[in-house]
Amino acid sequence: MLISKLFYNFPARRKFFKSESAEANRIHSMVQKFAICNPDIAFELNQGSSRSFRTSGSGDLTDVMGAILGISEASKMIKILEDYDPDWEGPIVSGIIGTPNQKRSNRSRIFLFVNGRLVQSRTLSYAFEQAYKGFSSDNKFPLGAIMLRVPLDEVDVNVHPAKTEVRFKNENQIFSAVQRAIRSTLLDYSPVH
């Protein structure tokens with residue numbers, strides 16, 4: 001699909017745009033996030049002479065993270081193994097996380113998804129960061145993508161008009177599930193003696 005002159009007939013909308021490069025970066029970032037959430041779909045983004053972005057659609061999150069972070073960096077990441085119980089009705093956590101040595105100076109490489117939706121959540125971000133406590137002593141931030149599945153009646157997506165912020169009916173249960181999944185993955189990767 002080729003998209004061009006998207007807001008040609010909407011000059012009022014165009015006046016809110018930032019520079020062309022800033023808008024290109026926002027598009028690039030959004031396509032990356034859609035690719036993480038949909039690793040079984042191949043994505044390709046070409047923006048003129050700037051960097052291109054391409055995923056294979058293999059269904060493997062490591063491949064998607066390789067397209068975002070580079071193959072060398074992504075190959076070090078650890079998959080969170082889904083502990084699936086068909087009778088369990090609570091939150092299910094899956095995804096891919098960086099090792100304790102793979103840290104960033106900001107939160108820009110923490111990707112959070114709830115029921116397939118890209119979200120912002122202080123609860124999820126804090127659980128993600130707290131799970132790394134004791135594995136490294138610096139003040140940098142972990143990286144990775146967390147996919148959380150919860151019953152629809154347990155999450156409120158109507159917190160913000162853009163539907164990106166969410167609140168959970170039982171914040172403590174969600175916090176514990178995410179922190180436990182990440183910590184157990186890190187412990188399996190490098191057991192503490």
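This is a predicted model: local features need pLDDT of at least 70, side-chain atom pairs count only at pLDDT 80 or more; totals for chains, interfaces and linings use all residues.
## The largest pocket

The largest pocket holds about 1600 Å³ of space. Its lining is made up of 42 residues. Glu23, Ala24, Arg26, Ile27 and Gln47 lie nearest the centre of the pocket.

Which helix gives the most to the lining? Helix 2 does, with 12 residues. Sorted by class, the pocket lining has 19 nonpolar residues, 13 polar ones and 10 charged ones.

## How to read a helix pair

Two numbers describe a pair of packed helices: the angle between their axes and the distance between those axes. Both pairs below are given in these terms.

## Helix 2 and helix 3

Helix 2 also packs with helix 3, which spans residues 61–69. The angle is about 165°, and the axes are 9 Å apart. Angles over 145 degrees count as roughly antiparallel, so helix 2 is roughly antiparallel to helix 3. Their crossing is left-handed.

Which residues meet here? Helix 2 brings Gln32, Ala35 and Ile36. Helix 3 brings Leu61, Val64, Met65 and Ile68. In this contact, six residues are nonpolar, one is polar and none is charged.

## Helix 5 and helix 6

The second pair is helix 5 (residues 122–131) and helix 6 (residues 171–189). They pack at an angle of about 30°, with 8 Å between their axes. Angles under 35 degrees count as roughly parallel, so helix 5 and helix 6 are roughly parallel to each other. Is the crossing left-handed or right-handed? Helix 5 passes helix 6 in a right-handed crossing.

On the helix 5 side, the contact involves Thr123, Leu124, Tyr126, Ala127, Phe128, Gln130 and Ala131. On the helix 6 side, the residues are Glu171, Ile174, Phe175, Val178, Gln179, Ile182, Arg183 and Leu186. By class, this contact has 10 nonpolar, three polar and two charged residues.

Key: Residues are numbered from 1 along each chain as its sequence is written. Side-chain values use heavy atoms; hydrogens and water are left out. On a 1 Å grid over the protein atoms alone, a cavity is a set of points where a 1.4 Å probe fits but cannot get out, and a pocket is an open set with protein on both sides within 12 Å along at least five of seven lines; lining residues have an atom within 4 Å of a point. Grid points are joined across faces, edges and corners, and a volume is the space filled by probe spheres set on the points. Helices (H or I, at least four residues) and strands (E, at least two) are DSSP runs, numbered from the N terminus. Ala, Val, Leu, Ile, Met, Phe, Trp, Tyr, Cys and Pro count as nonpolar, Asp, Glu, Lys and Arg as charged, and the others, Gly among them, as polar. Axes are lines fitted to C-alpha atoms, for helices over the stretch in contact, and angles run from 0 to 180 degrees between N-to-C directions. Angles under 35 degrees count as roughly parallel, over 145 as roughly antiparallel, 65 to 115 as roughly perpendicular and the rest as oblique. A crossing is left-handed if the near helix is turned anticlockwise from the far one by less than a right angle, and right-handed if clockwise. Contact means heavy atoms within 4.5 Å.
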